[in-house]
Amino acid sequence: MKRTIKWMLMFLVVALATATLPSLLPAKAQGATWTVSEYGYQSNYPDGMTFTIKATSSAGKIKNALVFWRHSPVASRTRQTGVVNDTGDGVTAQWVKKISDAVPQWAGVEYWWQLSDEAGNIFETERQFAEYADNTRKWARFESEDIIVFLEDGVPTEVAEASLKAMEEARPIYQKYWPNPLGYKPRAIIYNSYTTWNEWAPGIGTIGRSGENATIVAGQTNSTWGATVQKFNPYDQPNVDDQIAYTSYSVVVHEVAHLYQFVNGGTRGPSWFVEGNATFFELVGRDGMLQYARDRAQAGNLPTLQGDGPSATGAFARDAYNIGFSFFVWLNETYGAEAHKLLWSSIDQGRPLKESLEMVTGMNFIDMETAFRTWLGAPNPVAPTPIPDPVLVFPPTPTYEPTSTPKP
Ligand SMILES: [Zn+2]
């Protein structure tokens, strides 16, 4: 079998600690020639990171230095003031993590420096790339053109192999349905234990783990990290093969779809829309979800899409996922893949969700819902009496461009 997996041994002691090889031609900035002879990066996970640079200016010693970094191209940058050495040709900057700004191990780190010399010349370096490595325990790293997967020691290797395959399968689907590409390679960080996750995110997965309404946080996805973090087999299911398939072919591709939502206008909106949409990109288990929505519709108790829509919490927490997923199947079968692109282009331009849906379907929201319920086989498909809209907040609109409306 062809294996597309490049895998590297665990990063133990030395890891990616330091010294990016410099491509170091002198750079002119204002009246000075700047030369960088070495970039250094050290992960001190879980406590933070250390950045170093050796550089000189022809116009004098380095006087001030700032290092900037971000974990994904769609994240805002963080900065830290550096301490310049006595000879004015080296700087060290230390980031010490606080709970409020903690990030998972293995987040990517894109960083660059802004230096100024005694004469007042300012110089910004080229971008450098590193990883917030966890050198305190064993991990395995897998990378393809679609994703980078990190497995904590104890998570079956098959999880990474299957995730790389799932992402390869999902690649043409993302390309077909999203107007904007992701723009970076996402990361999946898979924990074997909640203790490891709790180390930087205290409380995760341990809240309400017992009792009737127990909920377990199985994963989190954040475009600021450019990553999803997941607990493998969060419910301790006995069938590990099922869990491997679930994590890769359902969870990873679903979470990456949330990252796509973020670069296509945002992830705010009712749960059925946001979750149903991400679920649409899952590669397995689709028939069962659709059947669930059909059964509810045919029994005459399908929740409305109006207001907050189908529930995403409590005993019916799957409603938002199953019914929202079915809505996107309906949209796709009725209007084609282009409708999804058009819908998210509209959201990306800042139009409200409801207006975007009405534009794409050419129907008002109530008629659209009735059409969806009819498609599901509801015996009395007319959508219920309108209820007030929730506050659907999408980012403010810079432009309203006229867009054509496809007809069914
Ligand atoms: Zn989701």
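In this predicted model, Arg-141 and Glu-131 form a salt bridge, with 2.6 Å between the closest N and O atoms. Side chains of opposite charge can pair when their charged atoms come close. Arg-141 belongs to strand 12 (residues 139-143) and Glu-131 to strand 11 (residues 128-131), so this bridge ties together parts that are ten residues apart in sequence. Arg-141 and Glu-131 are both buried.

Glu-152 meets Arg-137 in a salt bridge at 4.0 Å, N to O. Arg-137 sits in the loop between strand 11 and strand 12, while Glu-152 lies in strand 13 (residues 148-152), so the pair ties together parts that are 15 residues apart in sequence. Glu-152 counts as buried because its relative accessibility is 9%, and the limit for buried is under 20%.

The side chains of Glu-143 and Lys-185 form a salt bridge with an N to O distance of 2.8 Å. Glu-143 is in strand 12 and Lys-185 is in the loop between helix 1 (158-177) and strand 14 (187-191), so the bridge ties together parts that are 42 residues apart in sequence. Lys-185 has a relative accessible area of 32% and is therefore partly exposed. Through shared partners, salt bridges join Glu-131, Arg-141, Glu-143, Lys-185 and Arg-187 into one network. The model has 14 salt bridges.

Aromatic rings come next. The count of aromatic pairs is 34. One of them joins Tyr-191 and Trp-197, which are stacked, with 5.6 Å from centre to centre and 15° between the planes. The pair counts as stacked because planes under 30 degrees apart meet that criterion. Tyr-191 is buried at a relative accessible area of 0%, and Trp-197 is buried with 0% relative accessibility.

Two tryptophans have an arginine over the ring. Arg-127 lies over the face of Trp-112, 3.6 Å from the ring centre. Arg-294 lies over the face of Trp-375, where the distance to the ring centre is 4.8 Å.

Where is His-71 found? His-71 is in the loop between strand 5 (62-70) and strand 6 (78-81). The residue is buried, with a relative accessible area of 13%. A polar atom of the His-71 side chain lies 2.8 Å from the backbone oxygen of Gly-108. Leaving aside residues up to four places away in sequence, His-71 touches Met-49, Val-103, Ala-107, Gly-108, Val-109, Thr-224 and Trp-225.

His-258 counts as buried at 12% relative accessibility, and Glu-275 counts as buried at 16%.

Note on methods. Residues are numbered from 1 along each chain as its sequence is written. This is a predicted model: local features need pLDDT of at least 70, side-chain atom pairs count only at pLDDT 80 or more; totals for chains, interfaces and linings use all residues. Side-chain values use heavy atoms; hydrogens and water are left out. Rings of Phe, Tyr and Trp (its six-membered ring) pair if their centres lie within 6.5 Å; planes under 30 degrees apart count as stacked, over 60 as edge-to-face and the rest as tilted. Buried means under 20% relative accessible area, exposed over 50%, partly exposed in between (1.4 Å probe, protein chains only). A charge sits over a ring if NZ of Lys or CZ of Arg is within 6 Å of the ring centre and within 35 degrees of the ring normal. Helices (H or I, at least four residues) and strands (E, at least two) are DSSP runs, numbered from the N terminus. A polar contact is a pair of N or O atoms within 3.5 Å; within protein, one must be able to donate a hydrogen and the other to accept it, and residues adjacent in sequence count only if both atoms are side-chain atoms. Contact means heavy atoms within 4.5 Å.
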